[in-house]
Amino acid sequence: MANQSSLPSPIYCVSFNQDNSGFAISWKDSFKIFDSTTGRLCYERAAGAFVIVEMLYSSDLLAVVGAGEQASLSPRRLCLFKTTTGLPLRELNFLTSILAVRMNKKRLVVVLLEKTFVYDLNTLVMLDTIDTVPNPKGLSAFSPSLEGCYLAVPASTTKGAVLVYNVMDLQSHSEIDAHRSPLAAIALSSNGMYIATASEQGTLIRVHLVSEATKSYSFRRGTYPSTIYSLSFGPSTQLPDILIATSSSGSIHAFSLSLAINQRSKRSTSFLGSVLPDSVSDALDPAHHHVLQNAVSSGIRSYAVVRKIDKLEGTSSPSQFTSLRATVSVITYNGYFQEYTLSINNKNESLWTMEREFNLFSITTG
């Protein structure tokens with residue numbers, strides 16, 4: 001790992017687009033957009049500090065919110081503009097600071113402290129207003145799929161309850177009682193079928209089936225409390241194979257969801273809801289927990305996503321082949337991009353391999 005203490009400029013925000021093919025970072029005087037696969041710098045705008053830079057897949061549409069350090073970049077103003085022209089398309093102003101913005105091809109979601117607004121992305125007509133509990137961190141998760149398009153926000157300030165809202169149907173879907181302590185991180189799978197949660201304790205990661213609002217299973221991250229910085233499912237049209245978490249310990253945690261379920265499914269041919277009975281309430285076999293220790297300096301905030309999953313078929317010697325290979329991208333808030341390959345064979349033995357690492361501040365357009 002490179003010397004990460006030499007970077008003078010902290011990052012204000014990090015965001016991946018809906019399919020993790022690109023990501024954006026911003027700091028005190030500009031923001032940049034990169035291609036996740038190649039690491040190429042695709043766009044840079046030196047226009048001040050932004051606390052939110054949200055992409056719409058790989059299109060030229062961006063939603064940005066200023067940090068308030070310049071008078072023209074109010075944290076209460078959302079600006080939609082195109083990178084191809086650099087010109088604003090539309091601005092939306094609010095009474096309080098914008099804490100999160102989510103988009104898909106039909107909806108725009110704006111999260112404030114105690115309200116969340118849903119807009120039609122094409123017309124910017126406001127479709128609904130959701131009253132929420134105070135959410136000062138703007139904690140939210142969004143599944144961009146139009147078939148399972150859900151938004152998840154905290155439903156309590158005293159315990160880890162989640163409000164799941166159907167953004168296409170414009171109605172509350174369910175409330176999930178996930179943890180005893182308030183939420184620290186939430187993530188929805190891209191298809192909207194599963195939601196992962198972590199509390200402020202950070203010891204257990206729980207996964208829930210959204211359609212039934214039930215806890216499907218739990219994984220133990222560790223024994224001692226730690227702040228969970230990010231949760232991310234691997235790409236999948238069904239049950240994601242991998243769930244990735246980063247924490248203040250500096251480690252990256254990977255949980256093998258599909259391998260855990262496959263072992264339990266030997267008892268039943270039905271899907272997840274019946275494979276795991278209601279009595280299964282806490283951590284599954286720790287063998288399904290694969291940890292990369294000290295990937296990031298302790299206390300440095302980081303954000304990780306699973307960009308790609310490859311499954312390799314068996315050969316004449318099944319025990320010798322890699323059954324699953326995940327590409328994991330990590331961005332640290334002091335300005336580094338890291339990419340790892342996590343290989344897990346059919347014996348559940350894992351190997352982390354760093355493929356590349358570079359300083360995000362040092363990259364300029366060609």
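Q: Which residues do ring pairs link into a cluster?
A: The model is predicted: local features need pLDDT of at least 70, side-chain atom pairs count only at pLDDT 80 or more, and totals for chains, interfaces and linings use all residues. Side-chain values use heavy atoms, without hydrogens and water, and numbering starts from 1 along each chain as its sequence is written. Rings of Phe, Tyr and Trp (its six-membered ring) pair if their centres lie within 6.5 Å. The cluster consists of Phe-16, Phe-23, Phe-34, Tyr-303, Phe-337 and Phe-358.

Q: What geometry does the aromatic pair of Tyr-340 and Trp-352 have?
A: The whole structure holds 13 aromatic pairs. For Tyr-340 and Trp-352, the centres are 6.1 Å apart and the planes are at 85 degrees. Planes under 30 degrees apart count as stacked, over 60 as edge-to-face and the rest as tilted, so this pair is edge-to-face.

Q: How many residues apart in sequence are the parts that this pair ties together?
A: Tyr-340 belongs to strand β27 (residues 336-345) and Trp-352 to strand β28 (residues 350-359); strands are DSSP runs (E, at least two residues), numbered from the N terminus. The pair therefore joins parts whose separation in sequence is 12 residues.

Q: Are Tyr-340 and Trp-352 buried or exposed?
A: Buried means under 20% relative accessible area, exposed over 50%, partly exposed in between (1.4 Å probe, protein chains only). By that test, both Tyr-340 and Trp-352 are buried.

Q: Over which ring does the charged end of Lys-105 sit?
A: A charge sits over a ring if NZ of Lys or CZ of Arg is within 6 Å of the ring centre and within 35 degrees of the ring normal. Arg-301 lies over the face of Tyr-333, 4.5 Å from the ring centre. For Lys-105, at 5.0 Å from the centre, the ring is that of Tyr-57.

How values were computed: Helices (H or I, at least four residues) and strands (E, at least two) are DSSP runs, numbered from the N terminus.
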